[in-house]
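Hi,

Here is the model I promised to pass on.

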Amino acid sequence: MATISKLSNPSPAASLSSSFKPRSFQPSYLIAFRRPLTNFDATLSSKLSLSTNSPLNASFVIRCSQSDGNGTPTKKTVLHDLYLKGGQSPWYDNLCRPVTDLLPLIEMGVRGVTSNPAIFQKAISSSNAYNDQFRELVQAGKDIEAAYWELVVKDIQDACKLFEPIYDETDGADGYVSVEVSPRLADDTEGTVEAAKWLHKVVDRPNVYIKIPATAPCIPSIKSVISNGISVNVTLIFSIARYEAVIDAYLDGLEASGLNDLSRVTSVASFFVSRVDTLIDKLLEKIGTPEALDLRGKAAVAQAALAYKLYQKKFSGPRWEALVKKGAKKQRLLWASTSVKNPAYPDTLYVSPLIGPDTVSTMPDQALQAFIDHGAVSRTIDSNVSEAEGIYSALEKLGIDWSYVGNQLEVEGVDSFKKSFDSLLDTLQEKANSLKLVSL
């Protein structure tokens, strides 16, 4: 059985910012996935544990296992306040079996789940929870990629079922689970459209989001898929220019749909955050001046604030109001890549400054635990837009090319997902070969 068990408290890290102190009354949760060893792929066993740079008052582990998960009730957390007071939906950026291990997170206030090829690569390659289904698929003559998609679809369907009450309670505004088309299709407009239609059909759940990357070839794909009445999570957005193209694709798709009721066609735009600072910080360090070094760790949040300003502009005015009359819902901004890559930065750096109405923050284990432990809710995303504009312009004056940053991060993101996808297929092929040897 999946269980929740207490851990000893780690010692506080000296680097914790004094402005990010844990609240003494707030319970905190440590989420780690410890997967049992496979009987034919022992070398892939992993123990993924989470450490935080803040003192904990009470910590818990949620374990992924082969057995049923648990739905242990938990107290109200800051995640509930984030939604009720801040207007932001907290989602969890991870998925593995058993999906019932999501139940405690739902109790804590998590309102949706995102996945990607890297997440499934970790989940499937290092867990034996998928072995029985995979064995059946191989013995039934399924090829490796077909077997992969059946494993993924089952997880997505099961997770959708858990979040269906939230979807129903919010009349389709929340409670979504995202699944991404093959990363091999990032440069294939028509292939992406067909893959999205196929995934939408086989998952067959009202609260599934089909993830499509915001690459230039896939911008037309987004319009086409939306026009077919399929809800979309647009992923891998790294620049304001590309984000505007994503918004336009959504609006174009709604207008081209021909539907009289647009209320069930929704979308989120996944704007990546921490990776922006990772790249720009390196560029600033190469410049090396005091002015440049002082801007480290500020670019990502500044650009995100300007993205929200654009969101407010685009989802207002006559064009948008005409769609609202048909039931259209705003394409919410979703903050992705919210874990802190630089340990010198506060561990809620990409969550706390990005709180605002009609947004989503999808958090992996580290960011989720940190925010539950010592996050505070207040409207921050547009609290100082002029400062964000100043940082954005100052970076340009130093020679930072935002177009280059966006394009480079997009290439890296697509490449990373492709490698994860290919690696997982290789792992599954090895498992299939082992199964065949055992059966002999």
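A word on naming before anything else: helices (H or I, at least four residues) and strands (E, at least two) are DSSP runs, numbered from the N terminus. This is a predicted model, so local features need pLDDT of at least 70 and side-chain atom pairs count only at pLDDT 80 or more, while totals for chains, interfaces and linings use all residues. Residues are numbered from 1 along each chain as its sequence is written, and side-chain values use heavy atoms, with hydrogens and water left out.

First, the overall picture. The chain has 15 helices and eleven strands. Of its 440 residues, 58% count as buried; buried means under 20% relative accessible area, exposed means over 50%, and partly exposed is in between (1.4 Å probe, protein chains only). Take the contacts (heavy atoms within 4.5 Å) between residues at least 6 apart in sequence: 80% of them join residues at least 24 apart.

Now the loop between strand 10 (332-336) and strand 11 (359-363), where you will find Asn 342. Asn 342 is partly exposed, at a relative accessible area of 30%. Its side chain reaches the backbone nitrogen of Ala 344 at 2.9 Å. That is a polar contact, meaning a pair of N or O atoms within 3.5 Å; within protein, one must be able to donate a hydrogen and the other to accept it, and residues adjacent in sequence count only if both atoms are side-chain atoms. Ser 274 is 68 residues away from Asn 342 along the chain, yet their C-alpha atoms are separated by 9.0 Å.

Asp 358 sits in the loop between strand 10 and strand 11 too. Asp 358 is not a glycine but has a positive phi of about 60 degrees, and it is partly exposed, with a relative accessible area of 35%. A positive phi also turns up at Leu 236, near 60 degrees, again in a residue other than glycine. Leu 236 lies in strand 8 (residues 232-237) and is buried, with a relative accessible area of 2%.

Thr 359 is worth a click. It belongs to strand 11 and is buried, with a relative accessible area of 0%. What does the side chain of Thr 359 make a polar contact with? The partner is the side chain of Gln 88, at 2.9 Å. Leaving aside neighbours within four places in sequence, Thr 359 also touches other residues, including Gly 87, Ser 89, Tyr 308 and Trp 335. Pro 90 is 269 residues from Thr 359 in sequence, but the two are 8.9 Å apart in space, C-alpha to C-alpha.

Next, a cis peptide bond: the one from Arg 97 to Pro 98, with omega near -5 degrees. Pro 98 is in the loop between strand 5 (88-92) and helix 2 (103-108). Arg 97 comes up again as a contact of Gln 133, along with Glu 150, Leu 151 and Lys 154, once neighbours within four places in sequence are left aside. Gln 133 is in helix 4 (residues 131-139) and is buried, with a relative accessible area of 16%. A polar atom of the Gln 133 side chain lies 3.3 Å from the backbone oxygen of Glu 150.

Last, the helix packing around helix 7. Axes here are lines fitted to C-alpha atoms, for helices over the stretch in contact, and angles run from 0 to 180 degrees between N-to-C directions.

Helix 7 (residues 219-227) packs against helix 8 (residues 240-256) at an angle of about 30 degrees, with the axes 7 Å apart. The two are therefore roughly parallel, given that angles under 35 degrees count as roughly parallel, over 145 as roughly antiparallel, 65 to 115 as roughly perpendicular and the rest as oblique. Their crossing is right-handed: a crossing is right-handed if the near helix is turned clockwise from the far one by less than a right angle, and left-handed if anticlockwise. Among the residues that meet are Ile 222 and Ile 226 in helix 7 and Ala 245 and Ala 249 in helix 8.

Helix 6 (residues 189-203) packs against helix 7 at about 35 degrees, with the axes 8 Å apart, and that crossing is right-handed as well. Thr 189, Thr 192, Val 193 and Ala 196 in helix 6 meet Pro 220, Ser 221, Ser 224 and Val 225 in helix 7.

Cheers
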